[in-house]
Amino acid sequence: MRMTDVGVMQNFMRMCNDGWLQGYHERNGGNLTYRLPQADVALMRPLLAPVPGTWTPLHVCAPNLAGEYFITTGSGKYMRNVLLDPEGCLGVVEINPQGDSYRIVWGLANGGRPTSEFPSHFLNHSVRKAATGGAHHMIYHAHPVNLIALTYILPLTDRAFTRALWQSATECPVVFPGGVGVVPWMVPGGAEIALATSKLMEIYDAVVWAHHGLFVSGVDFDDTFGLMHTIEKSAEIYLKVLSSGQPVRQTITDDNLRAIARDFGVTLREALLGE
Ligand SMILES: [Zn+2]
């Protein structure tokens, strides 16, 4: 068996390509990480490099991720190329017992490194692992066009974005009843945006980066890709309505949203409702 025959690796590769096909990943835009369940680590162990790479400091620390393994996209790699060259574009990394460094144990061939957003992903994995009792395994960052466009015209608040998205597609309050957080524009790749995002990820599983893109977390591939896809589709509907030049005659009201929540058994973040 090769690494690319392992089920989770196949799912990871497929999701990278799905994002490319959706137009989320121009050039080397976007990144994806998956915290491997122990059973998959055991499955992969005979396929890992006999001599792992050297430990590299992350400059952030997460003791609850000590000893974990992640699949990650590579820095400067293109989602478009993942299916053609998984071993060059992707890697498996191991976290040290202190939870502050990583080493490459498979892939990222020819001197590749994990995504430049790996410290951001790492902190957010830590927060989401704690917040969900270990249920969430994925962090996905993409550049969905319509959502980014909305960051130029909506107020950069959790409330404004959540309400616009909830009102633009009836499935939205069911798919993300907790709403979405928003961080203002920041330089990507650094500690500041990592900390701001992880603070919001304590309560949200989706965080908008103004003029840049979206970060989501999820349980598995379907859940995580589905969240990205649903949010972007809702943003597209909202933007098309705004672009139509027609006045909005009707929308999904707050009481409609509450009715959806009641019938589907989800709890909306009530603070985001009401005038
Ligand atoms: Zn980005």
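## Helices, sheet and loops of a predicted model

Colleague: Which elements do the buried residues of α1 pack against?
Modeller: This is a predicted model. In it, Met 9, Phe 12, Met 15, Cys 16, Gly 19 and Trp 20 are the buried residues of α1. Their packing partners are β1 (31–35), β3 (69–73), β4 (90–95), β6 (138–142) and α9 (221–243).

Colleague: How far apart are the end C-alpha atoms of helix α1?
Modeller: Helix α1 has 15 residues, 7–21. At 1.5 Å a residue, α1 should span 21 Å. The model agrees, with the end C-alpha atoms apart by 21 Å.

Colleague: At what angle does α1 run to β1?
Modeller: α1 lies across β1, β3, β4 and β6. Its angle to β1 is about 160°.

Colleague: Which glycine follows α1?
Modeller: The residue has a positive phi, near 85°. It is Gly 23.

Colleague: What is the phi of Arg 27?
Modeller: Most residues other than glycine have a negative phi. Arg 27 sits in the loop between α1 and β1, and it is exposed, with 10 other C-beta atoms within 10 Å. Although Arg 27 is not a glycine, its phi is positive, about 45°.

Colleague: Is His 59 buried or exposed?
Modeller: His 59 lies in the loop between β2 (56–57) and β3. Its phi is positive, about 65°, although it is not a glycine. His 59 has 12 inside 10 Å, so it counts as exposed.

Colleague: Is Ala 62 buried or exposed?
Modeller: Ala 62 is also a loop residue, found between β2 and β3. Leaving out residues up to four places away in sequence, it touches Gly 99, Phe 122, Leu 123 and Ser 126. A residue needs 20 or more other C-beta atoms within 10 Å to be buried. Ala 62 has 22, so it is buried.

Colleague: How far is the C-alpha atom of Ala 62 from that of Gln 246?
Modeller: Along the chain, Ala 62 and Gln 246 are 184 residues apart.

Colleague: How many of the 14 residues of α4 are buried?
Modeller: Among them are Phe 122, Leu 123 and Ser 126. The cover over the buried residues of α4 includes β1, β3, β6, α8 (191–201) and β9. α4 is largely enclosed by the rest of the structure, because the buried residues number 11.

Colleague: Which glycine follows α4?
Modeller: Helix α4 covers residues 118–131. The glycine after α4 has a positive phi, near 60°, and is Gly 133.

Colleague: Which strands stand at the edges of the sheet?
Modeller: The open sheet has nine strands with mixed pairing, in the order β2-β5-β4-β3-β1-β6-β9-β8-β7. Each edge strand has a single partner, so one side of each is left without a neighbour in the sheet. The edge strands are β2 and β7 (181–183).

Colleague: What is the bridge partner of Ala 206 in β9?
Modeller: β8 (206–209) and β9 (213–218) pair in the antiparallel sense over four bridges. α9 lies across β6, β8 and β9, at about 145° to β9. In β9, Ala 206 has as its bridge partner Val 216.

Colleague: What is the radius of gyration of the protein chain?
Modeller: The protein chain has 10 helices and nine strands. For 275 residues the globule rule gives 19 Å, and the chain comes close to that, so it is as compact as a globular protein of that length. The radius of gyration is 19 Å.

Colleague: What percentage of the residues of the protein chain count as buried?
Modeller: The C-alpha atoms fill a box of roughly 65 × 35 × 35 Å along the principal axes. Of contacts between residues at least 6 apart in sequence, 72% join residues at least 24 apart. The buried share of the 275 residues is 42%.

How values were computed: Residues numbered from 1 in each chain as written. Predicted model: local features only at pLDDT ≥ 70, side-chain atom pairs only at ≥ 80, totals over all residues. Helix = DSSP H or I, 4+ residues; strand = E, 2+ residues; numbered from the N terminus. Expected span 1.5 Å × (residues − 1). Contact = placed C-beta atoms within 7 Å. Rg over C-alpha atoms; globule rule 2.2 N^0.38 Å. Pairing = 2+ DSSP bridges. Axes fitted to C-alpha atoms, helices over the stretch in contact; angles between N-to-C directions.
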